[in-house]
Amino acid sequence: MKFKYRLAYYLFGLTLGFFLVAFIFNKRGQDFCYLPNCRVLKDFRTKGLTISKEAQSTINEKWVTMDDIKNSLENGDVDFSKSKKPNPGGGKIYVIESRTAKNEPIILEIVSHSDRAVLKAIKKH
């Protein structure tokens, strides 16, 4: 058998196997979350988010909503160059860049403790 036919059979089988595995795991509720950005955001979602007084006062200004914050925890980008700095009160500070529903850029500062995550501040970018 010629090489191009073997390559075609191999690629066909590889593609078929990929779709089969993706279909099976998708039905079981599994998600691919191995990249650092995804792991940090998933950690915040599973710990639950406590809102500080400073962040609550920003939310009360009505330019950012809780839906924007939830969306940021799903689709935001963690800025690792500004993150993982120790917080004076314990934990580490993570900086998440995202956008509101009105497409305005925002920055969330979240303090990660071992058992909880605290939304420290919300800033306009």
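Good morning, colleagues. I begin with Y10, which counts as exposed because its relative accessibility is 51%, the cut-off for that class being over 50%. Please bear in mind that this is a predicted model.

Y10 belongs to helix α1, which spans residues 3-27. Together with F3, L7, L11 and L14, Y10 makes a nonpolar surface patch of about 530 Å².

Let us consider I96 in detail. With neighbours within four places in sequence set aside, the contacts of I96 include L41, F44, L73, V78, L108 and I110. Also in contact with I96 are S72, G76, D77, I106 and I107.

My last topic is helix α3. Which residues of α3 are buried? They are A55, T58 and I59. Viewed down the helix axis, the buried residues of α3 fall within an arc of 100°, and therefore they line one face of the helix. As a general point, an α-helix has 3.6 residues a turn, so residues three or four places apart point the same way. The cover over the buried residues of α3 includes β1 (49-51), α4 and β6. K53 and N60, on the other side of α3, are exposed.

Thank you for your attention.

Methods
Residues are numbered from 1 along each chain as its sequence is written. This is a predicted model: local features need pLDDT of at least 70, side-chain atom pairs count only at pLDDT 80 or more; totals for chains, interfaces and linings use all residues. Side-chain values use heavy atoms; hydrogens and water are left out. Contact means heavy atoms within 4.5 Å. Patches are made of residues with over 30% relative accessible area and no salt bridge: like charges are joined within 9 Å, nonpolar side chains (Val, Leu, Ile, Met, Phe, Trp, Tyr) within 5 Å. Accessible areas come from the Shrake-Rupley method with a 1.4 Å probe; for residues, only the protein chains shown count as cover. A salt bridge is a side-chain nitrogen of Lys or Arg within 4 Å of a carboxyl oxygen of Asp or Glu. Helices (H or I, at least four residues) and strands (E, at least two) are DSSP runs, numbered from the N terminus. Buried means under 20% relative accessible area, exposed over 50%, partly exposed in between (1.4 Å probe, protein chains only). The arc is that of the directions from the helix axis to the C-beta atoms.
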